[in-house]
Amino acid sequence: MQYVSTRGEGQPIDFEAAVLAGLAPDGGLYVPTHFPQLDAATLRELRGLPYAEVATRVLAPFVTPSLAEGELRELCEAAYAGFDHPDVAPLRALGAAAGGAPLHLLELFHGPTLAFKDLALQLLGHLFARFLARRGGHATVLGATSGDTGSAAIAGCRGLPGLDIVILHPHERTSAVQRRQMTTILDANVHNFAVRGSFDDCQAMVKTLFRDPAARARFGLTAVNSINTARVLAQIVYYVTAAVALGAPEQRVRFCVPTGNFGDVLAGHWARRMGLPVAELVVATNSNDILARLLETGRYGKGGVAPTLSPSMDIQVSSNFERLLFELHGDDAAAVRADMASLDAGGFDLSAAALAQLRAGFSADRTDDAGTLARIATAHRERGVLIDPHTAVALDVAERHCAADGPDAAPMVVLATAHPAKFPAAVAEATGIAAALPPALADLMERPERYDVIDADAAGLAARMDALGAA
(Lines give C-alpha, C1' and ligand atoms only; values in the text may rest on other atoms or scores of the structure.)
Protein backbone atom coordinates (compact mmCIF):
# COMPACT_ATOMS: atom_id res chain seq x y z
CA MET A 1 0.00 0.00 0.00
CA GLN A 2 1.17 3.50 -0.87
CA TYR A 3 0.10 6.84 0.61
CA VAL A 4 -0.15 10.24 -1.09
CA SER A 5 -0.66 13.76 0.22
CA THR A 6 -4.00 15.49 -0.27
CA ARG A 7 -2.02 18.49 -1.55
CA GLY A 8 -0.20 16.52 -4.21
CA GLU A 9 3.46 17.33 -3.66
CA GLY A 10 6.11 14.68 -3.13
CA GLN A 11 6.17 11.02 -4.09
CA PRO A 12 3.97 8.22 -2.74
CA ILE A 13 5.36 6.65 0.44
CA ASP A 14 4.77 3.43 2.37
CA PHE A 15 2.89 2.94 5.65
CA GLU A 16 5.97 3.21 7.87
CA ALA A 17 7.00 6.51 6.33
CA ALA A 18 3.44 7.87 6.54
CA VAL A 19 3.16 6.94 10.22
CA LEU A 20 6.47 8.52 11.16
CA ALA A 21 5.86 11.65 9.08
CA GLY A 22 2.35 12.33 10.39
CA LEU A 23 1.63 15.47 8.37
CA ALA A 24 2.92 15.56 4.80
CA PRO A 25 5.73 18.09 4.12
CA ASP A 26 3.41 20.12 1.86
CA GLY A 27 0.94 20.55 4.73
CA GLY A 28 -1.45 17.92 3.37
CA LEU A 29 -2.72 14.71 4.94
CA TYR A 30 -1.71 11.26 3.78
CA VAL A 31 -4.40 9.02 2.30
CA PRO A 32 -4.14 5.46 0.95
CA THR A 33 -4.00 5.17 -2.82
CA HIS A 34 -6.81 2.60 -2.78
CA PHE A 35 -9.14 0.80 -0.39
CA PRO A 36 -8.97 -3.00 -0.16
CA GLN A 37 -12.38 -4.65 -0.20
CA LEU A 38 -14.15 -6.61 2.51
CA ASP A 39 -16.44 -8.94 0.58
CA ALA A 40 -19.45 -10.69 2.07
CA ALA A 41 -17.58 -13.91 2.79
CA THR A 42 -14.82 -12.04 4.62
CA LEU A 43 -17.30 -10.10 6.74
CA ARG A 44 -19.01 -13.32 7.77
CA GLU A 45 -15.65 -14.80 8.76
CA LEU A 46 -15.02 -11.85 11.11
CA ARG A 47 -18.11 -12.53 13.25
CA GLY A 48 -17.18 -13.54 16.78
CA LEU A 49 -13.42 -13.18 16.33
CA PRO A 50 -11.39 -11.40 19.04
CA TYR A 51 -11.02 -7.67 18.43
CA ALA A 52 -7.25 -7.89 17.89
CA GLU A 53 -7.75 -10.54 15.21
CA VAL A 54 -10.35 -8.45 13.39
CA ALA A 55 -7.93 -5.51 13.56
CA THR A 56 -5.16 -7.64 12.08
CA ARG A 57 -7.26 -8.83 9.16
CA VAL A 58 -8.80 -5.42 8.40
CA LEU A 59 -5.54 -3.48 8.64
CA ALA A 60 -3.13 -5.96 7.03
CA PRO A 61 -3.57 -4.65 3.46
CA PHE A 62 -2.86 -1.09 4.62
CA VAL A 63 0.45 -1.90 6.34
CA THR A 64 2.01 -4.18 3.70
CA PRO A 65 4.97 -4.28 3.07
CA SER A 66 5.97 -2.22 6.12
CA LEU A 67 4.74 -4.98 8.46
CA ALA A 68 4.17 -8.66 7.91
CA GLU A 69 0.77 -9.92 9.05
CA GLY A 70 2.38 -11.77 11.95
CA GLU A 71 4.09 -8.60 13.15
CA LEU A 72 0.83 -6.68 12.90
CA ARG A 73 -1.01 -9.38 14.88
CA GLU A 74 1.62 -9.19 17.63
CA LEU A 75 1.22 -5.38 17.86
CA CYS A 76 -2.58 -5.54 17.84
CA GLU A 77 -2.66 -8.16 20.58
CA ALA A 78 -0.34 -6.02 22.71
CA ALA A 79 -2.34 -2.85 22.01
CA TYR A 80 -5.70 -4.24 23.13
CA ALA A 81 -4.56 -6.50 25.97
CA GLY A 82 -5.06 -3.77 28.57
CA PHE A 83 -8.71 -2.94 27.81
CA ASP A 84 -11.12 -3.70 30.64
CA HIS A 85 -13.80 -5.41 28.52
CA PRO A 86 -13.16 -8.70 26.69
CA ASP A 87 -14.86 -7.36 23.55
CA VAL A 88 -12.70 -4.18 23.64
CA ALA A 89 -15.52 -2.19 21.94
CA PRO A 90 -18.78 -3.81 23.10
CA LEU A 91 -22.28 -3.01 21.82
CA ARG A 92 -25.08 -2.18 24.26
CA ALA A 93 -28.66 -2.48 23.02
CA LEU A 94 -30.86 0.47 24.01
CA GLY A 95 -34.14 -0.68 22.50
CA ALA A 96 -36.00 1.21 19.80
CA ALA A 97 -36.10 4.97 19.44
CA ALA A 98 -39.53 6.51 19.91
CA GLY A 99 -41.36 5.39 16.78
CA GLY A 100 -38.07 4.45 15.17
CA ALA A 101 -35.42 1.80 14.56
CA PRO A 102 -33.35 -0.06 17.18
CA LEU A 103 -30.62 1.93 18.90
CA HIS A 104 -27.27 0.63 20.14
CA LEU A 105 -24.35 2.21 21.97
CA LEU A 106 -20.87 1.28 20.77
CA GLU A 107 -18.85 1.64 23.98
CA LEU A 108 -15.41 2.96 23.04
CA PHE A 109 -14.24 3.93 26.53
CA HIS A 110 -12.81 0.69 27.92
CA GLY A 111 -9.17 1.59 27.30
CA PRO A 112 -6.63 3.07 29.76
CA THR A 113 -7.78 6.70 29.37
CA LEU A 114 -11.53 6.00 29.07
CA ALA A 115 -12.00 7.47 25.58
CA PHE A 116 -12.31 6.25 22.00
CA LYS A 117 -8.86 7.61 21.16
CA ASP A 118 -7.35 4.62 22.99
CA LEU A 119 -8.56 2.29 20.24
CA ALA A 120 -6.15 3.93 17.81
CA LEU A 121 -3.44 5.38 20.01
CA GLN A 122 -2.57 2.23 21.91
CA LEU A 123 -1.77 0.68 18.54
CA LEU A 124 -0.02 3.79 17.25
CA GLY A 125 2.35 3.79 20.23
CA HIS A 126 3.38 0.22 19.41
CA LEU A 127 3.84 1.17 15.75
CA PHE A 128 6.12 4.06 16.70
CA ALA A 129 8.19 1.82 18.93
CA ARG A 130 8.57 -0.85 16.24
CA PHE A 131 9.50 1.55 13.46
CA LEU A 132 11.88 3.66 15.57
CA ALA A 133 13.65 0.52 16.81
CA ARG A 134 14.22 -0.47 13.19
CA ARG A 135 15.67 2.91 12.31
CA GLY A 136 17.59 3.48 15.52
CA GLY A 137 16.54 7.12 15.58
CA HIS A 138 14.68 9.62 17.75
CA ALA A 139 11.32 11.24 17.14
CA THR A 140 9.17 13.86 18.83
CA VAL A 141 5.44 13.32 18.82
CA LEU A 142 3.79 16.74 18.60
CA GLY A 143 0.04 16.91 19.01
CA ALA A 144 -2.88 19.17 19.87
CA THR A 145 -5.86 17.95 21.84
CA SER A 146 -9.31 19.24 22.60
CA GLY A 147 -9.42 16.87 25.54
CA ASP A 148 -9.04 13.15 24.88
CA THR A 149 -6.36 12.70 22.21
CA GLY A 150 -3.64 14.02 24.51
CA SER A 151 -4.16 11.59 27.35
CA ALA A 152 -4.59 8.65 24.99
CA ALA A 153 -1.43 9.62 23.09
CA ILE A 154 0.54 10.00 26.28
CA ALA A 155 -0.71 6.63 27.53
CA GLY A 156 0.44 5.07 24.28
CA CYS A 157 3.85 6.78 24.18
CA ARG A 158 4.97 7.27 27.78
CA GLY A 159 8.35 5.78 28.56
CA LEU A 160 9.04 4.58 25.03
CA PRO A 161 12.74 4.72 24.08
CA GLY A 162 13.75 7.12 21.33
CA LEU A 163 10.52 9.11 21.65
CA ASP A 164 9.46 12.38 23.26
CA ILE A 165 5.83 13.49 23.29
CA VAL A 166 4.73 17.14 23.39
CA ILE A 167 0.99 17.77 23.80
CA LEU A 168 -0.83 21.10 23.59
CA HIS A 169 -4.26 21.59 25.14
CA PRO A 170 -6.41 24.74 25.37
CA HIS A 171 -5.90 26.29 28.80
CA GLU A 172 -8.99 25.97 31.03
CA ARG A 173 -11.07 24.49 28.18
CA THR A 174 -10.88 20.81 29.07
CA SER A 175 -12.49 19.04 32.00
CA ALA A 176 -10.34 18.62 35.10
CA VAL A 177 -10.30 14.86 34.55
CA GLN A 178 -9.18 15.28 30.93
CA ARG A 179 -6.40 17.67 31.95
CA ARG A 180 -5.17 15.55 34.82
CA GLN A 181 -5.06 12.40 32.70
CA MET A 182 -2.35 14.25 30.74
CA THR A 183 -0.58 16.39 33.32
CA THR A 184 -0.19 13.75 36.05
CA ILE A 185 1.91 11.52 33.78
CA LEU A 186 5.41 12.40 34.95
CA ASP A 187 7.58 10.24 32.68
CA ALA A 188 10.63 12.14 31.49
CA ASN A 189 9.59 11.91 27.83
CA VAL A 190 6.15 13.52 28.42
CA HIS A 191 5.74 17.31 28.05
CA ASN A 192 2.39 19.11 28.45
CA PHE A 193 1.63 22.71 27.48
CA ALA A 194 -1.63 24.56 28.18
CA VAL A 195 -2.17 27.14 25.42
CA ARG A 196 -3.96 30.43 26.05
CA GLY A 197 -6.55 29.98 23.31
CA SER A 198 -8.77 27.39 21.65
CA PHE A 199 -8.09 23.93 20.27
CA ASP A 200 -7.90 25.49 16.80
CA ASP A 201 -5.04 27.69 18.08
CA CYS A 202 -3.26 24.59 19.35
CA GLN A 203 -3.79 22.79 16.05
CA ALA A 204 -2.52 25.79 14.09
CA MET A 205 0.70 25.82 16.13
CA VAL A 206 1.25 22.13 15.42
CA LYS A 207 0.68 22.61 11.70
CA THR A 208 3.01 25.62 11.59
CA LEU A 209 5.90 23.58 13.00
CA PHE A 210 5.15 20.62 10.74
CA ARG A 211 5.24 22.94 7.71
CA ASP A 212 8.69 24.25 8.77
CA PRO A 213 11.32 21.89 7.27
CA ALA A 214 13.95 23.05 9.74
CA ALA A 215 11.71 22.38 12.74
CA ARG A 216 10.67 18.98 11.39
CA ALA A 217 14.28 17.97 10.98
CA ARG A 218 15.50 19.48 14.26
CA PHE A 219 12.88 17.78 16.42
CA GLY A 220 12.18 14.71 14.28
CA LEU A 221 8.49 15.58 14.34
CA THR A 222 5.73 13.03 14.01
CA ALA A 223 2.01 13.26 14.80
CA VAL A 224 -0.56 11.41 16.88
CA ASN A 225 -3.53 13.60 16.05
CA SER A 226 -5.90 12.19 13.50
CA ILE A 227 -3.79 13.98 10.91
CA ASN A 228 -1.75 10.74 11.24
CA THR A 229 -3.34 8.32 8.80
CA ALA A 230 -2.78 5.36 11.14
CA ARG A 231 -5.23 6.95 13.59
CA VAL A 232 -8.07 6.90 11.08
CA LEU A 233 -7.21 3.45 9.76
CA ALA A 234 -7.23 1.92 13.25
CA GLN A 235 -10.67 3.39 13.91
CA ILE A 236 -12.13 1.54 10.91
CA VAL A 237 -11.96 -1.64 12.95
CA TYR A 238 -14.72 -0.89 15.44
CA TYR A 239 -17.13 0.03 12.67
CA VAL A 240 -16.50 -3.43 11.27
CA THR A 241 -16.90 -5.25 14.59
CA ALA A 242 -20.15 -3.38 15.32
CA ALA A 243 -21.61 -4.00 11.87
CA VAL A 244 -20.84 -7.73 11.78
CA ALA A 245 -22.23 -8.13 15.31
CA LEU A 246 -25.51 -6.64 14.04
CA GLY A 247 -25.69 -8.93 11.02
CA ALA A 248 -23.52 -7.48 8.28
CA PRO A 249 -23.19 -8.18 5.41
CA GLU A 250 -26.88 -9.14 5.25
CA GLN A 251 -27.93 -6.24 7.50
CA ARG A 252 -27.13 -2.62 6.68
CA VAL A 253 -26.22 -0.43 9.68
CA ARG A 254 -26.27 3.31 10.40
CA PHE A 255 -23.86 5.17 12.67
CA CYS A 256 -24.27 8.46 14.53
CA VAL A 257 -20.93 9.98 15.47
CA PRO A 258 -20.20 12.92 17.82
CA THR A 259 -17.90 14.91 15.61
CA GLY A 260 -15.28 17.61 16.00
CA ASN A 261 -12.17 16.98 13.93
CA PHE A 262 -13.94 14.58 11.50
CA GLY A 263 -11.48 11.72 11.99
CA ASP A 264 -13.88 9.31 13.69
CA VAL A 265 -16.69 9.68 11.17
CA LEU A 266 -14.16 9.59 8.33
CA ALA A 267 -13.09 6.14 9.57
CA GLY A 268 -16.71 5.05 9.14
CA HIS A 269 -16.69 6.40 5.60
CA TRP A 270 -13.46 4.55 4.82
CA ALA A 271 -15.05 1.38 6.20
CA ARG A 272 -17.94 1.99 3.81
CA ARG A 273 -15.48 2.42 0.93
CA MET A 274 -14.05 -0.99 1.84
CA GLY A 275 -17.48 -2.55 1.37
CA LEU A 276 -18.99 -2.43 4.86
CA PRO A 277 -22.77 -2.05 4.40
CA VAL A 278 -23.09 1.38 6.05
CA ALA A 279 -26.51 2.78 5.20
CA GLU A 280 -25.81 6.25 6.60
CA LEU A 281 -23.30 8.25 8.60
CA VAL A 282 -24.90 10.91 10.80
CA VAL A 283 -22.61 13.73 11.92
CA ALA A 284 -23.62 15.04 15.36
CA THR A 285 -22.22 18.43 16.40
CA ASN A 286 -22.63 20.74 19.34
CA SER A 287 -23.09 24.49 18.84
CA ASN A 288 -19.69 24.60 17.11
CA ASP A 289 -21.46 23.35 14.02
CA ILE A 290 -19.25 23.99 11.00
CA LEU A 291 -19.99 20.50 9.65
CA ALA A 292 -23.77 20.77 10.07
CA ARG A 293 -23.68 24.18 8.38
CA LEU A 294 -21.61 22.74 5.54
CA LEU A 295 -24.17 20.04 4.82
CA GLU A 296 -27.00 22.57 5.00
CA THR A 297 -25.45 25.35 2.91
CA GLY A 298 -22.44 23.96 1.06
CA ARG A 299 -20.15 26.57 2.64
CA TYR A 300 -17.19 25.55 4.77
CA GLY A 301 -16.50 28.69 6.73
CA LYS A 302 -14.71 29.47 9.95
CA GLY A 303 -16.54 30.87 12.95
CA GLY A 304 -15.72 31.60 16.56
CA VAL A 305 -15.27 28.67 18.94
CA ALA A 306 -17.81 28.63 21.77
CA PRO A 307 -16.95 26.63 24.92
CA THR A 308 -19.53 23.89 25.59
CA LEU A 309 -20.19 20.93 27.84
CA SER A 310 -18.69 18.70 25.12
CA PRO A 311 -15.24 20.31 24.80
CA SER A 312 -13.67 17.69 22.54
CA MET A 313 -16.05 18.93 19.83
CA ASP A 314 -15.31 22.64 20.33
CA ILE A 315 -13.67 22.95 16.92
CA GLN A 316 -14.34 25.14 13.89
CA VAL A 317 -11.69 23.75 11.54
CA SER A 318 -12.16 19.99 11.18
CA SER A 319 -8.75 18.91 9.93
CA ASN A 320 -9.79 15.52 8.59
CA PHE A 321 -12.39 17.01 6.32
CA GLU A 322 -9.46 17.71 3.97
CA ARG A 323 -9.19 13.96 3.34
CA LEU A 324 -12.84 13.78 2.32
CA LEU A 325 -12.45 16.95 0.29
CA PHE A 326 -9.68 15.25 -1.71
CA GLU A 327 -12.15 12.50 -2.54
CA LEU A 328 -14.97 14.94 -3.36
CA HIS A 329 -12.61 16.66 -5.80
CA GLY A 330 -11.82 13.37 -7.53
CA ASP A 331 -8.31 13.22 -5.98
CA ASP A 332 -7.50 16.64 -7.49
CA ALA A 333 -4.80 17.97 -5.15
CA ALA A 334 -4.70 21.37 -6.87
CA ALA A 335 -8.38 21.88 -6.05
CA VAL A 336 -7.69 20.94 -2.42
CA ARG A 337 -4.80 23.41 -2.23
CA ALA A 338 -7.05 26.16 -3.58
CA ASP A 339 -9.78 25.37 -1.04
CA MET A 340 -7.32 25.30 1.85
CA ALA A 341 -5.95 28.68 0.81
CA SER A 342 -9.52 30.01 0.72
CA LEU A 343 -10.16 28.54 4.17
CA ASP A 344 -7.20 30.48 5.55
CA ALA A 345 -8.97 33.59 4.27
CA GLY A 346 -12.30 32.59 5.83
CA GLY A 347 -13.93 29.77 3.90
CA PHE A 348 -14.97 28.23 0.59
CA ASP A 349 -18.06 26.85 -1.16
CA LEU A 350 -18.40 23.30 -2.42
CA SER A 351 -19.46 22.82 -6.02
CA ALA A 352 -23.00 21.56 -6.58
CA ALA A 353 -21.64 18.15 -7.58
CA ALA A 354 -19.39 17.87 -4.51
CA LEU A 355 -22.20 18.94 -2.19
CA ALA A 356 -24.55 16.37 -3.72
CA GLN A 357 -21.93 13.65 -3.24
CA LEU A 358 -21.38 14.74 0.38
CA ARG A 359 -25.11 14.69 1.13
CA ALA A 360 -25.43 11.25 -0.44
CA GLY A 361 -23.15 9.79 2.22
CA PHE A 362 -23.64 11.98 5.27
CA SER A 363 -26.32 13.85 7.16
CA ALA A 364 -25.87 16.14 10.15
CA ASP A 365 -27.63 17.80 13.03
CA ARG A 366 -26.68 19.70 16.18
CA THR A 367 -27.48 19.74 19.88
CA ASP A 368 -26.77 22.62 22.26
CA ASP A 369 -25.83 22.38 25.95
CA ALA A 370 -29.44 22.38 27.10
CA GLY A 371 -30.22 19.48 24.80
CA THR A 372 -27.07 17.70 25.95
CA LEU A 373 -28.07 17.88 29.62
CA ALA A 374 -31.63 16.84 28.81
CA ARG A 375 -30.42 13.79 26.87
CA ILE A 376 -28.04 12.71 29.65
CA ALA A 377 -30.99 12.87 32.03
CA THR A 378 -33.44 10.97 29.82
CA ALA A 379 -30.87 8.34 28.84
CA HIS A 380 -30.37 7.58 32.51
CA ARG A 381 -34.03 7.80 33.48
CA GLU A 382 -35.57 5.99 30.52
CA ARG A 383 -32.80 3.73 29.22
CA GLY A 384 -30.82 3.03 32.38
CA VAL A 385 -27.49 4.19 30.97
CA LEU A 386 -25.12 6.92 32.13
CA ILE A 387 -23.45 8.78 29.26
CA ASP A 388 -20.96 11.59 28.84
CA PRO A 389 -21.82 14.90 27.08
CA HIS A 390 -20.26 13.96 23.72
CA THR A 391 -22.20 10.71 23.58
CA ALA A 392 -25.29 12.66 24.64
CA VAL A 393 -24.95 14.97 21.63
CA ALA A 394 -24.89 11.95 19.32
CA LEU A 395 -27.69 10.11 21.11
CA ASP A 396 -29.90 13.20 21.00
CA VAL A 397 -29.34 13.58 17.26
CA ALA A 398 -29.82 9.84 16.71
CA GLU A 399 -33.09 9.68 18.67
CA ARG A 400 -34.56 12.49 16.56
CA HIS A 401 -33.18 11.02 13.35
CA CYS A 402 -34.60 7.55 14.06
CA ALA A 403 -38.00 8.90 15.05
CA ALA A 404 -38.21 10.73 11.73
CA ASP A 405 -37.16 7.66 9.70
CA GLY A 406 -39.63 5.22 11.22
CA PRO A 407 -39.32 1.68 12.61
CA ASP A 408 -38.30 -0.03 9.36
CA ALA A 409 -35.01 1.85 8.94
CA ALA A 410 -31.64 0.18 9.54
CA PRO A 411 -30.47 -0.07 13.16
CA MET A 412 -28.59 2.97 14.45
CA VAL A 413 -25.30 2.66 16.34
CA VAL A 414 -24.35 5.66 18.48
CA LEU A 415 -20.64 5.95 19.20
CA ALA A 416 -20.14 6.34 22.96
CA THR A 417 -16.81 8.10 22.85
CA ALA A 418 -15.96 8.70 26.52
CA HIS A 419 -16.66 7.37 29.99
CA PRO A 420 -19.15 9.55 31.90
CA ALA A 421 -16.65 9.95 34.76
CA LYS A 422 -14.48 12.09 32.49
CA PHE A 423 -17.16 14.79 32.68
CA PRO A 424 -18.50 14.52 36.24
CA ALA A 425 -19.88 18.07 36.51
CA ALA A 426 -22.15 17.76 33.47
CA VAL A 427 -23.31 14.27 34.42
CA ALA A 428 -24.06 15.37 37.99
CA GLU A 429 -25.93 18.46 36.79
CA ALA A 430 -28.12 16.33 34.53
CA THR A 431 -28.72 13.34 36.79
CA GLY A 432 -27.65 14.19 40.32
CA ILE A 433 -25.26 11.23 40.14
CA ALA A 434 -21.52 11.40 40.66
CA ALA A 435 -20.01 9.17 37.98
CA ALA A 436 -17.14 7.32 39.63
CA LEU A 437 -13.77 6.84 37.99
CA PRO A 438 -12.60 3.24 37.63
CA PRO A 439 -10.38 2.01 40.48
CA ALA A 440 -7.17 2.52 38.50
CA LEU A 441 -7.90 6.25 38.32
CA ALA A 442 -9.64 6.70 41.68
CA ASP A 443 -6.85 8.94 43.05
CA LEU A 444 -6.49 11.02 39.86
CA MET A 445 -7.60 14.29 41.48
CA GLU A 446 -4.91 13.97 44.17
CA ARG A 447 -1.97 13.21 41.88
CA PRO A 448 0.66 15.93 41.29
CA GLU A 449 0.53 17.73 37.94
CA ARG A 450 3.27 19.00 35.64
CA TYR A 451 2.57 21.41 32.77
CA ASP A 452 3.38 24.92 31.54
CA VAL A 453 0.98 27.62 30.35
CA ILE A 454 2.10 29.30 27.10
CA ASP A 455 0.82 31.75 24.51
CA ALA A 456 -0.57 30.60 21.16
CA ASP A 457 2.72 31.22 19.38
CA ALA A 458 4.50 28.58 17.30
CA ALA A 459 7.90 30.26 17.58
CA GLY A 460 7.59 30.37 21.34
CA LEU A 461 6.67 26.70 21.40
CA ALA A 462 9.70 25.84 19.28
CA ALA A 463 11.92 27.71 21.72
CA ARG A 464 10.39 25.73 24.60
CA MET A 465 11.03 22.49 22.74
CA ASP A 466 14.65 23.52 22.09
CA ALA A 467 15.04 24.11 25.82
CA LEU A 468 13.65 20.67 26.57
CA GLY A 469 16.25 19.19 24.24
CA ALA A 470 19.01 21.16 25.93
CA ALA A 471 17.80 19.98 29.33
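**Pockets and sheet of a predicted model**

The lining of the largest pocket splits into eight nonpolar, eight polar and seven charged residues. Here Ala, Val, Leu, Ile, Met, Phe, Trp, Tyr, Cys and Pro count as nonpolar, Asp, Glu, Lys and Arg as charged, and the others, Gly among them, as polar. The model is predicted: local features need pLDDT of at least 70, side-chain atom pairs count only at pLDDT 80 or more, and totals for chains, interfaces and linings use all residues. Residues are numbered from 1 along each chain as its sequence is written, and side-chain values use heavy atoms, with hydrogens and water left out.

**Largest pocket**

- The largest pocket holds about 440 Å³ of space. A pocket is an open set of points on a 1 Å grid over the protein atoms alone, where a 1.4 Å probe fits, with protein on both sides within 12 Å along at least five of seven lines. Points join across faces, edges and corners, and the volume is the space filled by probe spheres set on them.
- Its lining has 23 residues, and Lys207, Lys302, Val317, Leu343 and Asp344 are the closest to the centre. A lining residue has an atom within 4 Å of a point.
- Helix 8 (199–210), helix 13 (321–328) and helix 14 (333–344) each give two or more residues to this lining. Helices (H or I, at least four residues) and strands (E, at least two) are DSSP runs, numbered from the N terminus.
- Helix 8 gives the most, with five residues.

**Second largest pocket**

- This pocket holds about 260 Å³ of space.
- It is lined by 16 residues; Gly48, Leu49, Asp87, Thr241 and Ala245 lie nearest its centre.
- Helix 3 (51–63) and helix 10 (229–245) each supply at least two lining residues. Helix 10 has the largest share, four residues.
- The lining comprises 12 nonpolar, two polar and two charged residues.

- Six strands form an open sheet in the order 3-4-14-9-10-13, with mixed pairing. Two strands pair if DSSP finds at least two bridges between them.
- Strand 3 (91–96) and strand 13 (362–366) are the edges, each pairing on one side only.
- Neighbouring strands are turned by 25° against each other on average, direction ignored.
- Strand 3 runs antiparallel to strand 4 (residues 102–107), and five bridges join them. Arginine 92 has leucine 105 in strand 4 as its bridge partner.

**Helix on the sheet**

- Helix 12 (residues 290–297) lies across strand 10 (278–285) and strand 13, at about 125° to strand 13.
- Axes are lines fitted to C-alpha atoms, for helices over the stretch in contact (heavy atoms within 4.5 Å), and angles run from 0 to 180 degrees between N-to-C directions.
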